[in-house]
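Here is a short report on selected features of one chain. Please look at the sequence and the model first.

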Amino acid sequence: VEAVVLDIEGTVISVSFVKDVLFPYVRKNVRAYLETHWEEPELRTIVAQLHTQATEDEAGPPVGDPATTPKEALVTQLEANLLWQMDADRKAAPLKALQGLVWREGYASGQLRAPLYPDVVPTLTSWKSRLLTLAIYSSGSVQAQQLLFSHTTEGDVTTLLDGYFDITTAGLKTDARSYEVISQALAVHPDKILFLTDIAAEAEAAHKAGFQVLLVVRPGNKPLTADERAAFGHITSLEEIELSHN
C-alpha cells in the first residue's frame with residue numbers, strides 16, 4: 001500500500017456528529033448567513049447555481065431568479081429549498097458548498113469542533129511517518145473537509161493529509177470512475193491504494209476501480225450484512241490495519 005483514502009462520516013468521526021451537530025447547525029444558521037453575507041461573490045455564485053438547479057428540478061421548492069427576485073423573498077425561498085434538499089439527503093454540489101460556508105463561520109467562532117475517533121490521529125501519524133500518501137474523499141465539499149480537520153478536538157491535523165476529494169473534484173462515491181480520478185490525481189496505481197469507508201456501495205465502487213477496500217464498523221453506523229462483511233473484510237478501529245508498504 002502506498003496511499004490510504006479515507007471517508008469521513010462513520011470512518012474517522014461519528015455519524016452522530018454530522019447528523020446531530022453539523023446538519024442542525026446549518027438548519028439553524030443558514031438564513032442568518034444568507035442575510036449577512038448576501039453581497040459576497042462566493043455566495044452569489046452559489047445562489048445562482050441553486051436557482052439553476054431548482055429550475056431544472058421537477059420537485060422541491062422553487063428558487064427565483066437572483067436578478068429579479070427581491071432579497072427577502074429569495075432568502076426565504078433559498079432557505080426552504082436548502083432544508084428540503086437536506087431532508088432528502090441530496091449530494092448536490094451547490095448545497096454542499098453553502099453548507100461549507102455556514103460551517104466555516106461555526107468553526108471560526110469556536111461553536112463547532114470535530115471530535116475525531118481516538119484511534120485516528122495516532123494511526124494517521126504513524127502512516128505519515130512511513131511516507132504513505134493520505135487523502136480524504138467525502139460527499140461534503142473540499143472546503144468543509146479542510147475546515148473539519150483544521151478544527152478538531154485535537155487541534156489542526158491537516159498536516160497529516162495530502163489531498164481532499166469531493167463530488168465536484170472526483171465524482172459520486174458510488175461510481176467506480178471517481179476512484180480512477182483519485183488514483184490519477186494521487187499518481188498511485190489503484191491496487192496500491194486502500195480505501196476506508198462505512199458504506200458498502202462505496203466499497204463496491206472502489207473495488208471495481210481496483211482499490212483495496214476495508215469497511216469500517218463504528219457505533220451508530222448502518223449495520224453491515226453478512227455478505228458485505230465477507231466481501232470486503234471489516235475493522236472497528238484504524239489501529240487494526242496492518243499495512244505492507246512497498
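## Helix 5 and its buried face

This is a predicted model. Helix 5 spans residues 120-129. Its buried residues are Val-120, Val-121, Thr-123, Leu-124 and Trp-127. Viewed down the axis of helix 5, these residues fall within an arc of 165 degrees, so they line one face of the helix.

What do the buried residues of helix 5 pack against? Their partners are strand 1 (3-6), strand 2 (133-137) and strand 4 (193-197). Leu-131 follows helix 5. The phi of Leu-131 is positive, near 65 degrees.

## Helix 1 against helix 3

Two packed helices are described by the angle between their axes and the distance between the axes. For helix 1 (residues 15-36) and helix 3 (residues 71-87), the axes come within 9 Å. They cross at roughly 165 degrees. An angle over 145 degrees counts as roughly antiparallel, so helix 1 is roughly antiparallel to helix 3. The crossing of the two helices is right-handed.

Which residues of helix 1 meet helix 3? On the helix 1 side they are Phe-23, Val-26, Arg-27, Val-30, Arg-31, Leu-34 and Glu-35. On the helix 3 side they are Lys-71, Glu-72, Val-75, Thr-76, Leu-78, Glu-79, Leu-82, Leu-83, Met-86 and Asp-87. By class, this contact of helix 1 with helix 3 has nine nonpolar, one polar and seven charged residues.

## Ser-141, a buried loop residue

Ser-141 sits in the loop between strand 2 and helix 6 (142-150). Is Ser-141 buried or exposed? The cut-off for buried is under 20% relative accessible area. Ser-141 has 10% relative accessibility, so it counts as buried.

Residues up to four places away in sequence are set aside here. Beyond them, Ser-141 touches Lys-96, Ala-97, Gly-100 and Asp-166.

## Asn-221, buried in another loop

Asn-221 lies in the loop between strand 5 (212-216) and helix 9 (226-232). At 11% relative accessibility, Asn-221 counts as buried.

How far apart are the C-alpha atoms of Asn-221 and Ser-16? They are separated by 9.0 Å. Along the chain, Asn-221 and Ser-16 are 205 residues apart. Leaving aside neighbours within four places in sequence, Asn-221 is in contact with Gly-10, Val-15, Asp-198 and Val-216.

Key: Residues numbered from 1 in each chain as written. Predicted model: local features only at pLDDT ≥ 70, side-chain atom pairs only at ≥ 80, totals over all residues. Heavy atoms only, no water. Axes fitted to C-alpha atoms, helices over the stretch in contact; angles between N-to-C directions. Helix = DSSP H or I, 4+ residues; strand = E, 2+ residues; numbered from the N terminus. Parallel < 35°, antiparallel > 145°, perpendicular 65-115°, else oblique. Left-handed = near helix turned anticlockwise from the far one by under 90°. Contact = heavy atoms within 4.5 Å. Nonpolar A, V, L, I, M, F, W, Y, C, P; charged D, E, K, R; others polar. Buried < 20%, exposed > 50% of the residue type's maximum accessible area, 1.4 Å probe, protein only. Arc of directions from axis to C-beta.
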